[in-house]
2 protein chains.
Amino acid sequence: MVVKVSVNSQGLAAFSQDILMEVGLSANDAAITTESLIDANLRGVDTHGISRLSIYTKRLAEGVVKAKPQMKLLKNTETSAILAGDNGQGQVVGMRATEEAIKMATEKGSGWIGVKQSNHFGTAAFFGMKISAAGHIGLVLSNAPSTMVPFGGSSPYFGTNPISITIPVGSELPIVIDMATSVVAQGKIILAEKEGKSIPEGWAVDKSGNPTTDSRAALEGAVLPLGGPKGSALALMVDIFSGVLTGACWGPHLNSMWSDFKDPQQVGHFIGAINIKGFMPLEQFQERIKQLIKEIKGVPAAPGFKEVYLPGEIEFQIREERLANGIPLGKVVFAELVKLGKRYNKSFENYI
Amino acid sequence: MVVKVSVNSQGLAAFSQDILMEVGLSANDAAITTESLIDANLRGVDTHGISRLSIYTKRLAEGVVKAKPQMKLLKNTETSAILAGDNGQGQVVGMRATEEAIKMATEKGSGWIGVKQSNHFGTAAFFGMKISAAGHIGLVLSNAPSTMVPFGGSSPYFGTNPISITIPVGSELPIVIDMATSVVAQGKIILAEKEGKSIPEGWAVDKSGNPTTDSRAALEGAVLPLGGPKGSALALMVDIFSGVLTGACWGPHLNSMWSDFKDPQQVGHFIGAINIKGFMPLEQFQERIKQLIKEIKGVPAAPGFKEVYLPGEIEFQIREERLANGIPLGKVVFAELVKLGKRYNKSFENYI
């Protein structure tokens, strides 16, 4: 086996689809989950890509995540609702909420869906980009199990609670913001640990609260909030919207996807769509955004930088490159997929 | 004259009220503006307090800001509208939008007001706290003239574009987030320069793009975005919501409050309210928030910290202290207020 190989995205998607159907997802739900994983890999966000297939499969196979959830939507106002996900796969639950938010925004100007009883849903931007494809601004938040210290605290309380904001840009590439409220997403530390690498200073503390560059010690400790009090405040905001307001769990009350195979994760999300037509015609907005993009791209680069990038722009470049040349897989992830295939009598090598 | 004195907030408010009415604001509009300034001082945010009275007065007196604007509200959907501020005082325009957002959220679940033709509106939290007092979650954004480099750029494009999120907490103090998307608000650099102080490393670059601790050089240069690409993305988001979507100006197209006495500033805001009842009963939400607050306060402090604070908590403590002991004024600001009083035949010393 080689140390690093590039595999084509269609083959990877077909493998993911077949494996997820083996553990009980419908063809449609397997396709949603697969699209989220492959989209992450294509955009270079390998932490949220196919490397998660093994853990998703394990949880579905063991029934810790329900393959056939009975979701319930409770509309409280014309523009807000709670979606109870019945412990379904996060991407499936998230997509149901996304569709409802788009519908409300199209009809009523905006739509805000609080989601409870969900699970890890992949990248937040995956849903945001669906909202932007419908011509609306997307706002997608999710909480996550406790791995981050609040500013001034010595033990973890918040998750790395991501924020995604997506802007429809017409003929240009959409603007896609997707950021953990920690200095870095914990997925980067998980991947570093999986590959046996160290992490830069300033990302995390060990279990005693001391700074560390050891990825394993960091996973036993906690990550640090972005910019101290500001990132801590944003993580709190995400937990209030996703956890407190929805009836889901929050912070330390969420269960780990990686270590708890008995209890549902109880993740909460908050998915919103804002109809641009509520403010100005979409075409006018897109003309203005084009001007903004042109101007920002025209700002001279700082020493050490090639150019100024818009949020999501580098990910679109990686996508082009990976669609052409394949998705690179590390040794550990590759071996995991081979092993996973064997469990379900699928030869991973035959797909790629 | 002493170097630093503490003055009582009522006296300071009365002075502000009288001066603002002298330059044409109605009693009601002067009261809104004054409340915003004094509230900022009471909460310890001196950069956005009475130190701004001189510049506000100068702009109103010279007619660069309209004392009697004819604002127009254009409702496009049941939950979204554009408010054209007709170049009115920022606090007056912002409050009009805030009232409309509260009304929409109360009736329809949420309300989103894009504001154009406005001016510097003080702290964003001032409006957010009004929204929370009505039992809704507040989201208040504003753009500002270009003073911040985009990540990877060497010259300013964005303003320090603040984000305020406010959470109604029942019998507890509200949770009040109000943060510039720069490492620090430019007001802190303005105040440092006014008081002849230097600034910490990492806040700003000079006009050649080099790091500086000289507050004057920093004002000629640019501030840095919070956490690099993340703060830069958040500032972009604020400019898209406040400037692009509203029909206001954005980034480098906004005019300076401090140096341009010919053109309107053309500031844009985005003011939103989300009705908690659209998701769960307010009482249930507040019970859950109380638990969250109790748990966060229970996280052990990190070395060098006394305790973990909620966003806005320190500001409420300062408020208590300043209501009892007065608002401290630096030498330069004090002298400015004395001079301002003389111009309008009001003795500042007689008010305090």
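Angles between helix axes are taken between N-to-C directions and run from 0 to 180 degrees, the axes being lines fitted to C-alpha atoms over the stretch in contact; angles under 35 degrees count as roughly parallel, over 145 as roughly antiparallel, 65 to 115 as roughly perpendicular and the rest as oblique. The model is predicted, and local features need pLDDT of at least 70, side-chain atom pairs count only at pLDDT 80 or more, and totals for chains, interfaces and linings use all residues. Residues are numbered from 1 along each chain as its sequence is written, with chains lettered from A and ligands numbered from 1 in the order in which they are written.

In chain B, helix α2 (residues 27-42) packs against helix α4 (residues 90-108) at an angle of about 95°, and their axes are 8 Å apart (helices are DSSP runs of H or I of at least four residues, strands runs of E of at least two, numbered from the N terminus). The helices α2(B) and α4(B) are therefore roughly perpendicular to each other. Asp29(B), Ile32(B), Thr33(B) and Ser36(B) of α2(B) meet Gln91(B), Val92(B) and Met95(B) of α4(B), where residues meet, or are in contact, if their C-beta atoms, placed from the backbone, lie within 7 Å. This contact has three nonpolar, three polar and one charged residues (Ala, Val, Leu, Ile, Met, Phe, Trp, Tyr, Cys and Pro count as nonpolar, Asp, Glu, Lys and Arg as charged, and the others, Gly among them, as polar).

Helix α3 of chain A (residues 53-61) has Leu53(A), Tyr56(A), Thr57(A), Arg59(A) and Leu60(A) buried, that is, with 20 or more other C-beta atoms within 10 Å of their own. Seen down the axis of α3(A), the buried residues fall within an arc of 165° and so line one face of the helix; the arc is that of the directions from the helix axis to the C-beta atoms. Their cover includes α1 (9-22), α2 (27-42) and α11 (331-343) of chain A.

Between the chains, 57 residues of chain A are in contact with 56 residues of chain B. On the chain A side, α8(A) gives the largest share, seven residues. By class, this side has 33 nonpolar, 18 polar and six charged residues.

Definitions and conventions: Two residues are in contact if their C-beta atoms, placed from the backbone, lie within 7 Å. A residue is buried if 20 or more other C-beta atoms lie within 10 Å of its own, exposed if 12 or fewer, and partly exposed in between; C-beta atoms are placed from the backbone.
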